[in-house]
Amino acid sequence: MNEMSRVTAISTYAVADGIAILTIDSPPVNALGHAVRVALEAGLRRAVADADAHGIVIHCAGRTFFAGADISEFGKPLQQPDLNAVFDLIEASTKPVVAAIHGTALGGGMELALACHYRVATSSAKLGLPEVSLGLLPGAGGTQRVPRLVGIEKALTLIVGGRPIGATKALADGLIDRIVEGDLLPGAILYAQQLIARGEPLRRVRDLAVDLDATATREALERFRATHKRDLQGFKAPGLILQAIEAAATLTFDEGLAREWALFEELVDSQESIAQRHLFFAERTAGKIPIERGVQPLTVERVAVIGAGTMGTGIAMVFLNAGYPVFLVDKAGDAAERGAARIHKTFGDLADKGRISPEEGMRRVGLLRIGSSLEDAVSGADLVVEAIFESMALKQAIFKEIDAVAKAGAILASNTSFLDLDEIAAVTARPDQVIGLHFFAPANIMRLLEVVRGARTSDAVIATGMSLGRRLGKVAVLSGVCDGFIANRVMKPRMEAAEALVLEGPTPSEIDRAMNRYGFAMGPFQMFDLVGLDVIGWDRDNSAGRTVQEVLCEMGRWGQKKNGGYYDYDEQRRAAPSPVAEQVIREFAARANVPQQAFDDAQIVERLLYPVVNEGAKVVEEGIALRASDVDIALATGYGWPVWTGGPMCWADRIGLPRIVDSLDAMIGPDSVSPLLRRLAAEGGRLTS
Ligand code: T1G
């Protein structure tokens with residue numbers, strides 16, 4: 001290899017055995033920002049002009065091949081060269097250009113690879129077009145080249161689905177040409193040399209034909225729309241992706257590229273994409289927490305889970321999925337055995353569905369131990385997660401027992417969803433090692449993990465909780481101690497507002513339908529019936545018909561599980577508006593002399609969600625949440641808040657804070673409005689910077 005020379009600050013150039021190697025090194029993920037595009041342009045021009053180079057390999061240093069366009073550039077003036085200009089240089093090259101892929105070639109990174117004449121990858125590499133999750137579409141030829149390489153049907157799955165695929169499948173589908181075992185760069189150089197030696201053509205994907213004609217393509221698109229109706233509901237990008245893919249089958253390549261760009265520009269300025277890009281960064285910003293610089297997470301290798309109920313077994317599965325040995329303990333009879341049986345069944349079902357291999361299922365089960373002895377479970381654990389009944393007395397008692405037998409450096413975590421963590425920590429001799437790990441049911445499905453820091457929780461334990469969250473595949477959000485922490489506290493006003501509003505005229509189903517149309521899979525009454533009216537705040541011993549919930553519970557209407565609740569249910573648990581429940585509501589409203597009126601969806605959304613915005617502002621100003629975007633990502637991942645709104649804080653900024661404050665003043669009274677919200681509204685500020 002001749003000496004390596006620097007093309008720009010982030011790129012180097014060398015020629016090895018007749019092959020030019022253009023390496024980009026732009027941490028953390030070699031995003032295709034302006035500087036990278038400039039470097040690629042300069043390097044490609046040099047390689048094409050270099051008489052010593054007969055082929056070109058494009059390669060990235062660091063952990064991954066280009067992971068896409070630089071998302072932070074969207075919404076700002078586009079600086080040339082844009083990606084298509086760089087790709088034109090590649091396709092115009094008179095020398096074969098080979099993409100050497102490792103890590104994750106995503107979005108524009110995959111599109112760059114497709115503009116190359118050939119592609120090689122490591123066996124662990126992944127390729128994908130996740131733009132749809134940002135409310136976008138591949139805007140640099142992906143919707144035009146992928147159908148030409150793999151066909152319309154596979155292009156639909158790859159682009160509208162947005163999920164990356166591994167190198168083996170990419171090779172089988174024809175997206176890459178070779179998997180390189182061993183060192184990638186030498187393998188790519190050798191491949192380029194072989195192409196030249198064999199006189200292989202300069203194969204340009206743009207010159208390939210799409211597998212279906214216009215009519216067959218339109219039929220395929222209609223079938224896709226019909227079978228994915230629910231997934232596409234509420235989102236704007238999928239519909240425009242389908243239009244771009246149709247263009248691949250009906251227009252010339254350049255016309256299709258122009259169509260794709262027009263559709264991309266429509267999306268990049270859309271509120272949906274701005275919201276989804278906000279959540280992309282919110283998820284990553286949540287991991288930035290105010291602890292002493294240099295503090296490292298503690299080592300966690302063995303985990304004990306106390307309590308084999310629904311949450312305990314779900315939490316055990318989360319750790320088993322991530323490869324941790326788990327000792328699941330429950331003092332009550334055969335509870336641990338029943339919990340283990342649920343875990344075995346879950347992994348078996350996943351294997352039957354092909355979601356995991358049978359071997360992986362067995363591996364996970366092999367990591368599970370069960371028993372009824374707390375000491376056996378706790379004494380060897382680095383982390384103990386308590387997931388017993390939500391009773392302060394019970395939790396304090398169990399923490400005393402755990403504290404007495406746990407290892408000196410063990411972390412003691414509670415899964416409590418609203419109890420005061422400091423009161424739990426106070427009964428131990430190690431309050432600095434007590435933390436909250438609040439999982440959301442079902443724990444092995446919901447992505448949110450609230451890491452609750454007690455007044456005395458050490459920075460090292462906090463860092464461990466946040467690091468564990470990432471390793472468990474969760475979105476870890478740091479929370480202070482208050483009733484309900486972040487997500488439950490911020491969403492509680494929606495339920496309260498719904499219970500008040502239902503007395504003023506709208507039925508439970510009208511209120512839920514307004515929430516469904518806003519984008520929630522479940523409205524407040526649908527959720528109430530699912531969880532159980534008897535579970536959320538019903539004091540059976542002192543119930544006296546003072547609220548609709550008490551009246552329904554006293555009637556034995558506890559929700560889906562027993563006699564219906566706000567809805568009636570058939571044998572298949574299909575819900576129908578309940579004349580009985582609505583009669584109870586009307587009688588209750590009459591006795592309370594509540595004026596009746598009609599409400600449209602917009603009014604219902606205001607009544608239910610503006611108080612949520614207000615509570616979100618309060619948890620930020622109280623320091624319970626570090627920032628507004630933490631509230632957004634918590635509700636998006638813990639409550640299914642529709643991502644195309646960006647979460648309550650992002651949505652509120654779009655609605656306009658002055659309008660929200662005026663409405664809240666009328667709805668709940670000025671004294672109840674968050675001072676932070678009022679100040680920002682007055683200053684023309686935003687909750688999310
Ligand atoms: N642009 C800007 N910054 C990015 C970025 C991107 N594409 N990807 C990651 N980062 C930052 C991230 O914010 C974080 O910053 C750091 O890199 C590490 O990320 C034209 C229009 C690649 C799988 O959607 O999926 O191409 O917090 O914590 O867990 O058609 O990042 O350190 O300051 O996530 O190892 C398409 C998005 C863009 C890929 C690595 N590409 N990124 O995961 O690290 S649109 C994507 C990811 C596009 C074209 C279209 C992941 C990752 P900080 P991280 P990770």
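## Basis of the model

A polar contact is a pair of N or O atoms within 3.5 Å; within protein, one atom must be able to donate a hydrogen and the other to accept it, and residues adjacent in sequence count only if both atoms are side-chain atoms. The model is predicted, with local features requiring pLDDT of at least 70 and side-chain atom pairs pLDDT 80 or more, while totals for chains, interfaces and linings use all residues. Residues are numbered from 1 along each chain as its sequence is written, and side-chain values use heavy atoms, without hydrogens or water.

## Ligand site

In the side chain of R284, an N or O atom lies 2.7 Å from an oxygen atom of the ligand. Backbone N or O atoms also take part: that of G139 is 2.8 Å from a ligand oxygen, and that of A67 is 2.9 Å from a ligand nitrogen. Of the ligand's own 990 Å² of accessible area (Shrake-Rupley method, 1.4 Å probe), the protein covers 73%.

Helix α12 (271–285) is among the elements giving two or more residues to the shell, and with three residues α12 gives the most.

## Helix α25

Helix α25 spans residues 601–621. At its start, a side-chain oxygen of D600 comes within 3.1 Å of the backbone nitrogen of A602. Just after α25, G623 adopts a positive phi of about 80°.

Key
Helix = DSSP H or I, 4+ residues; strand = E, 2+ residues; numbered from the N terminus. Expected span 1.5 Å × (residues − 1).
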